[in-house]
Amino acid sequence: MSFDRSLKIAPSILSADFANFGQEIEAVEAQGADWIHVDVMDGHFVPNLTFGPPLCKAIRRHIKTVMDVHLMIAPVDPYIEAFADAGADVLTAHLEAGPHIHRTLQAIRGAGCKAGLALNPGTPVEALDYLLDMVDLVCVMTVNPGFGGQKFIHSQIAKVEKLRAMIGDRPVHIEIDGGITPETAPLMRAAGADVLVAGSAVFKGGSVQDPAPYGQNIRAIRTSCDKLV
Ligand code: DX5
Ligand code: ZN
């Protein structure tokens, strides 16, 4: 995984057909996805349950791009090794998931993954002051985590602008997660984001049998950001 700030669209398989992840991933990559975003939820840190390391391991061989695993679980540390073994390229933990995020980030890098740190909408960006040199990606949540298809929270635009300034020249990706559409994507790209997660906006209208809408949806998000330059 090399570092650059080019725009990357990361479809979230939370909006894919759960009975058919392998083919869904291959279809959405063939249609232009840059990364594959995998939402892990524990029914405790967030009010929803999805899947764990065995599922990640099973889908790994279908992913040619980047496996971006978003852990919405608490605690995190006991599971880092298992998600690393499952093949996560990026492993993102929530700042709010426990009292020892510094240790968690060390453990993620120690396990050989890129370390991601996610912030809920209510968490200030200043919380990153002593963590920025330990992360490869900051994920700014633009919905409250737990579900796909929620409405984008506009107050997070100013947060991303601040974060972009704080990051400076550090090789740290800014990822946005929640409510990304062709309307909201350019706001976040302009604020400094380079990875845009999109679930419902990518998978809507398509299927493994008819994947062309995935490509149209990805291009619509990309084009909305191109208009900025
Ligand atoms: C929410 C997840 C997101 C979600 C995004 O807790 O972390 O990745 O799938 O879905 P959309 O793009 O539909 O808001
Ligand atoms: Zn996510």
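Tutor: A polar contact is a pair of N or O atoms within 3.5 Å. Keep in mind that this model is predicted.

Student: Which side chain makes a polar contact with the side chain of His173?

Tutor: Start with the place of His173, which is strand β7, residues 173-177. Among the residues that His173 touches are Trp35, Leu137, Val138 and Asp194. One of these has a side chain 2.7 Å from that of His173, in a polar contact. The partner is Asp194.

Student: Is His173 buried or exposed?

Tutor: Buried means under 20% relative accessible area. His173 has a relative accessible area of 5%, so the word for His173 is buried.

Student: What is the relative accessible area of Met1?

Tutor: Met1 lies in the segment before β1. Its contacts beyond four places in sequence include Val66, Lys114 and His173. Met1 counts as partly exposed. Its relative accessible area is 45%.

Student: How many Å apart in space are Met1 and Asp34, C-alpha to C-alpha?

Tutor: In sequence, Met1 and Asp34 are 33 residues apart. In space, C-alpha to C-alpha, the distance is 12 Å.

Student: Where is Ser12, and with which side chain does the side chain of Ser12 make a polar contact?

Tutor: Ser12 sits in the loop between β1 (8-11) and α1 (21-30). Ser12 touches His37, Asp39, Val197, Ala198, Gly199 and Phe203, leaving out residues up to four places away in sequence. A polar contact of 2.6 Å joins the side chain of Ser12 to that of Asp39.

Student: Is Ser12 buried or exposed?

Tutor: The cut-off for buried is under 20%. Ser12 has a relative accessible area of 4%, so Ser12 is buried.

Student: How many residues of α1 are buried?

Tutor: The buried residues of α1 include Phe21, Ile25 and Val28. Glu24 and Glu29 are also on that list. The cover over these buried residues includes β1, β2, α2 (53-60), α7 and α8 (212-226). Helix α1 is mostly covered, and its buried count, out of 10 residues, is 7.

Student: Which residue just after α1 takes a positive phi?

Tutor: Most residues other than glycine have a negative phi. Just after α1, one residue has a phi of about 115°. That residue is Gly32.

Student: Why is β5 described as largely enclosed by the rest of the structure?

Tutor: Strand β5 covers residues 114-119. Count its buried residues against its total of 6. Strand β5 is largely enclosed because the buried residues number 5 of the 6.

Student: What is the bridge partner of Ala93 in β5?

Tutor: Strand β4 (residues 90-94) pairs with β5. The pairing is parallel and runs over 5 bridges. In β5, the partner of Ala93 is Leu117.

Student: Where is Leu131, and is Leu131 buried or exposed?

Tutor: Leu131 is in the loop between β5 and β6 (137-141). Leu131 touches Leu95, Ile101, His102, Leu105 and Leu117, not counting residues up to four places away in sequence. With a relative accessible area of 7%, Leu131 is buried.

Student: With which side chain does the side chain of Gln156 make a polar contact?

Tutor: Gln156 is in helix α5, residues 156-167. Gln156 is buried, with a relative accessible area of 3%. Its contacts beyond four places in sequence include Pro121, Val140 and Met188. The polar contact, at 3.1 Å, is with the side chain of Ser155.

Student: Which residues lie nearest the centre of the largest pocket?

Tutor: The largest pocket has a volume of about 270 Å³. Elements giving two or more residues to its lining are β2 (36-41), β3 (67-72), β8 (195-198) and α7 (200-203). The lining has 25 residues. Nearest the centre are Gly148, Gly149, Asp177, Gly178 and Gly179.

Student: How many residues of that lining are charged?

Tutor: The lining of the largest pocket has 11 nonpolar residues. Another 12 are polar. The charged residues number 2.

Technical notes. Residues numbered from 1 in each chain as written. Chains lettered and ligands numbered in written order. Predicted model: local features only at pLDDT ≥ 70, side-chain atom pairs only at ≥ 80, totals over all residues. Heavy atoms only, no water. 1 Å grid on protein atoms, 1.4 Å probe; cavity = no way out; pocket = protein on both sides within 12 Å on 5 of 7 lines; lining within 4 Å. Points joined across faces, edges and corners; volume = space filled by probe spheres on them. Helix = DSSP H or I, 4+ residues; strand = E, 2+ residues; numbered from the N terminus. Nonpolar A, V, L, I, M, F, W, Y, C, P; charged D, E, K, R; others polar. Buried < 20%, exposed > 50% of the residue type's maximum accessible area, 1.4 Å probe, protein only. Polar contact = N/O pair within 3.5 Å; in protein donor to acceptor, adjacent residues only side chain to side chain. Contact = heavy atoms within 4.5 Å. Pairing = 2+ DSSP bridges.
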